[in-house]
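Let's take a walk through this one together. Have the sequence and the model open side by side, and follow along.

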Amino acid sequence: MSKPQLPIIADLSALPRIPDPVPSPSNEPSLDDLTLQFTQALSDIRSKLPKELQNPKVGIVCGSGLQGLAEILQDRIEVPYNEITGFGESTVRGHQSCLSFGFLGPSRTPVVAQLGRFHAYEGFPLHQVVYPIRIMKLLGCKASIITNAAGGLNEQNKVGTILTILDHISLPSMTSMNPLIGQNRETLGPRFPPMSDAYDFELRKQAFRSARELGFEKGVLKEGVYAWVAGPTYETKAEQRFLRAAGADAVGMSTVPEVIAARHAGMKVLVLSLITNIVVATPYRSAEDAVDAEVNGTTKEGEEEEKEDEVANHQEVLDASAKRADDMRALVEKIIEKSYGGEAK
């Protein structure tokens, strides 16, 4: 009786392996391959700017309460979103709706600041959320400095701490929401861009050098991991425990889609997260214990009626942002001057 033949297993080790191209600033998109919307948006913007501001070096995204970053721009020109093809309208309190162009620092580095970002929780599809980042790339930006207001998960970080983000946890991207889902725009970047190096190490070092030169106290600027959640609800106590266990130091409802789009397009990225509130972590109240106390007569008068669960609110985010706004402005200006000031001439 003949032995049964084993299935032939193909040896694939000899096949050529062609890696995906790594995003880099040299990945310059060609307007010929872009849609009419992109082309028209660039025309809308540049028609309102003098020649020296038409190709900014750095794009700045301003988070909740941090719109004042644009106030330090010299010869500032604002272009409202409703005058740019393809732009939406920001609906969040603390956000404006325009791109602000101007020069920054002693070297007069041309930059553009996004005043009013778009969020998934506002109902914008993710390709709309990252549209301004892609426009910044097409205008000529080599780097993006993205700021946000975030909730603190790490007990060692107080309100007012600024985190330079070194990595992120993108729960929406791990399930169903990623700005690169859909047909890939090869003119902007590769199909499968890596994110393990999303946060530029040299820019992070420059942030700490700048903080020292500005006289920041030790501990005002730290490094940490940012967790992106879709929002708009703040996290439950169980959810914040989950994020802490996953290694997140801060949590917010923005930024990561913009980081993904920026890296896809070859831009360097620096994210500065301002801790504006501490995520609620008070212990649960036990309804069973409360009823037992009622039955046993051990409840103190008025105890349960007066005790309420602590809750987060958006106003405290805006208030904390206002207190640290000057430091954030100075830090961003110093980083850009030290990193790109020499290229301004």
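Which backbone nitrogen lies 2.8 Å from a polar atom of the side chain of Asp249? That would be the backbone nitrogen of Val225, in a polar contact (a pair of N or O atoms within 3.5 Å; within protein, one must be able to donate a hydrogen and the other to accept it, and residues adjacent in sequence count only if both atoms are side-chain atoms).

Before going further, a word on what you're looking at: this is a predicted model, where local features need pLDDT of at least 70 and side-chain atom pairs count only at pLDDT 80 or more, while totals for chains, interfaces and linings use all residues. Residues are numbered from 1 along each chain as its sequence is written, and side-chain values use heavy atoms, with hydrogens and water left out.

Back to Asp249. You'll find Asp249 in the loop between helix 6 (237-245) and strand 8 (250-252); helices (H or I, at least four residues) and strands (E, at least two) are DSSP runs, numbered from the N terminus. Asp249 is buried yet has no salt bridge, and the nearest side chain of opposite charge, Arg244, sits 8.6 Å away. Here buried means under 20% relative accessible area, exposed over 50%, and partly exposed in between (1.4 Å probe, protein chains only). Lys and Arg count as positive and Asp and Glu as negative; His and the chain ends are not counted. A salt bridge is a side-chain nitrogen of Lys or Arg within 4 Å of a carboxyl oxygen of Asp or Glu. Who surrounds Asp249, then? Leaving aside neighbours within four places in sequence, its contacts (heavy atoms within 4.5 Å) include Gly151, Gly152, Asn154, Leu163 and Gly224, along with Val225.

Now move to strand 3 (residues 98-104), where seven of the seven residues are buried. Strand 3 has partners on record here: strand 2 (residues 74-80) pairs with strand 3 in the antiparallel sense over five bridges, and strand 4 (residues 109-115) is joined to strand 3, also antiparallel, by seven. Two strands pair if DSSP finds at least two bridges between them. To get your bearings, look for Glu78 opposite Ser100 in strand 3, then for Cys98 and its bridge partner in strand 4, Leu115. The hairpin of strand 3 and strand 4 has four residues between the strands, and Gly105 there takes a positive phi near 80°.

Helix 8 (residues 287-296) is worth a look at its ends. Ser286 caps the N-terminal end, with a side-chain oxygen 3.5 Å from the backbone nitrogen of Glu288. After helix 8 comes Gly297, whose phi is positive, near 70°.

Finally, the charges. The whole structure holds eleven salt bridges. One of them joins Lys334 to Glu213, with the closest N and O atoms 3.7 Å apart. That pair links distant parts of the chain, since Lys334 is in helix 10 (residues 314-340) and Glu213 in helix 5 (residues 201-213), 121 residues apart. Lys338 also forms a salt bridge with Glu213, at 2.8 Å; Lys338 lies in helix 10 and Glu213 in helix 5, so this pair ties together parts 125 residues apart in sequence. Glu213 is partly exposed at 48% relative accessibility, Lys338 at 35% and Lys334 at 26%.
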